[in-house]
Amino acid sequence: MDEAQVPPFVLPELLKAADGKAVTSKDDWRWKRRPELLALFEQEMYGQAPARPPLAFAVLEEATPALEGKALRKQVRVFFSGRKEGPAMDVLMYVPATASGPVPFFWGLNFNGNHTVSADAAIALPRPAPASSGKPRLKPLKPAERGSEASRWQIEAVLAHGYGTATAWYEDIDPDYDDGFQNGVHALFPEIEARRGGTTWGSLAAWAWGLRVGMDYLVREPWCDAARVGLHGHSRLGKAAVWAGAQDERFSLVISNNSGCGGAALSKRFFGENVGGINTNFPHWFCSNYHQWKGREPDMPFDQHQLLALVAPRGLLVGSAEEDLWADPEGEFLAARAASPAFVLLGEKGLEAHWKRENSAISQGNPAHWQRPGKHDVTDQDWERWMSFARSRWGK
Ligand code: GTR
């Protein structure tokens with residue numbers, strides 16, 4: 001990965017509609033440009049998801065004191081079929097024990113099961129994936145240890161700031177391997193699978209759909225102040241979070257952490273992971289139309305700044321890590337900056353900073369970008385920045 005190899009590139013227009021007319025007002029954005037960009041990303045990249053089911057859930061655990069009295073914990077199974085059966089995700093929630101009413105929530109998927117986000121022994125273990133008629137996994141899942149990813153969740157710190165936190169295991173929504181879309185939520189829609197084509201949803205769209213189903217639950221959850229839900233995701237789950245947050249305006253802010261190619265990073269910089277590589281390594285992530293852009297980044301009629309702009313005027317924080325070159329920190333920053341005119345059009349401050357290779361400061365305004373030293377990960381420093389950004393949006 002060599003910065004000198006980055007080709008010259010021109011980004012597709014953000015504030016010009018497909019008919020060539022300039023987008024100059026909030027109404028132009030809302031009624032014309034935003035829907036056309038959403039359709040573009042749906043058709044060319046992530047694929048089209050079906051309507052979400054009517055909410056169906058079962059309480060697995062009622063409010064229970066947890067974390068040495070600092071929290072209340074609750075666990076709820078949210079079904080994807082619209083009935084209390086079939087594929088479902090288990091949502092784990094904590095709120096501060098001192099909360100006297102609904103609190104703002106952070107909501108995000110985890111990689112290895114709810115039991116990894118805290119050493120709390122009462123967290124239900126993941127259920128084994130149901131037997132599927134698809135391709136079996138090449139490698140079985142490694143059993144993950146309780147609390148093994150606690151550093152990525154910082155639950156005590158989140159609670160100390162007065163916020164709630166909710167998470168579910170992403171493989172409850174769709175197992176992350178190329179099985180021909182026979183398992184997970186794809187299997188719930190055989191009529192879609194029977195005519196799978198270029199715009200049919202892949203796994204990222206399924207995870208994004210699951211995040212939105214989770215929001216369908218959170219708006220009904222008495223613990224949650226549904227007007228202040230921050231959606232966050234790291235890496236592939238950052239890609240899913242950005243797509244869900246772009247589509248669903250109920251999320252008051254969106255945090256993309258190290259989401260890279262197919263997430264916050266510009267594809268046309270062709271630095272780090274690229275469209276060819278990601279589709280070869282993860283053929284099930286995107287819709288098959290996206291595969292046609294393998295090696296053709298210069299011809300792509302869209303790029304990720306246009307996706308980030310769909311979050312406007314809600315809060316958007318793009319997080320990068322200095323050593324995470326695979327995700328292209330500079331491409332993540334430049335995408336946020338190129339998305340900024342849409343935020344400004346909608347009354348936000350925008351992102352005016354210039355790129356710095358070593359830049360551990362958060363840029364002010366919205367969208368915001370933050371880069372910390374270190375590797376591809378989520379750290380306590382990230383969470384402190386996310387929470388100060390949330391505080392700037394949500395108030396006390
Ligand atoms: C990598 C992939 C990235 C990123 C990452 C992750 O293998 O190339 O796009 O998604 O996995 O999710 O950890």
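## Basis of the model

A polar contact is a pair of N or O atoms within 3.5 Å; within protein, one must be able to donate a hydrogen and the other to accept it, and residues adjacent in sequence count only if both atoms are side-chain atoms. This is a predicted model, in which local features need pLDDT of at least 70, side-chain atom pairs count only at pLDDT 80 or more, and totals for chains, interfaces and linings use all residues. Residues are numbered from 1 along each chain as its sequence is written, and side-chain values use heavy atoms, with hydrogens and water left out.

Buried means under 20% relative accessible area, exposed over 50% and partly exposed in between, with a 1.4 Å probe and protein chains only. D225 lies in β6 and is buried at 17% relative accessible area. The D225 side chain makes a polar contact of 2.6 Å with the side chain of R228.

Strands pair if DSSP finds at least two bridges between them. Strand β4 (residues 103–110) runs parallel to β6, joined by four bridges, with F106 opposite G230. Five bridges link β6 to strand β7 (residues 253–257), also in the parallel sense, and L231 stands opposite V254. From β6 the chain passes through helix α6 (residues 236–247) to β7 in a right-handed β-α-β crossover; with the strands pointing away from the viewer, the path from the first strand over the helix to the second runs clockwise.

## Ligand site

The residues around the ligand (a heavy atom within 4 Å) are F111, S235, R236, K239, E273, I278, F282, W285, W326 and H376. Oxygen atoms of the ligand lie 2.7 Å from a side-chain N or O atom of S235, 2.5 Å from one of R236 and 2.5 Å from one of E273.

S235 is in the loop between β6 and α6. Its phi is near 60 degrees, a positive value in a residue other than glycine, and S235 is buried at 14% relative accessibility.

## Other backbone features

F181, in the loop between α3 (170–173) and α4 (190–194), also has a positive phi near 60 degrees; F181 is buried, at 11% relative accessible area.

Cis peptide bonds join A312 to P313, with omega about 0 degrees, and N366 to P367, with omega near 5 degrees. P313 is in the loop between α9 (304–309) and β8 (315–321).

Note on methods:
Helices (H or I, at least four residues) and strands (E, at least two) are DSSP runs, numbered from the N terminus.
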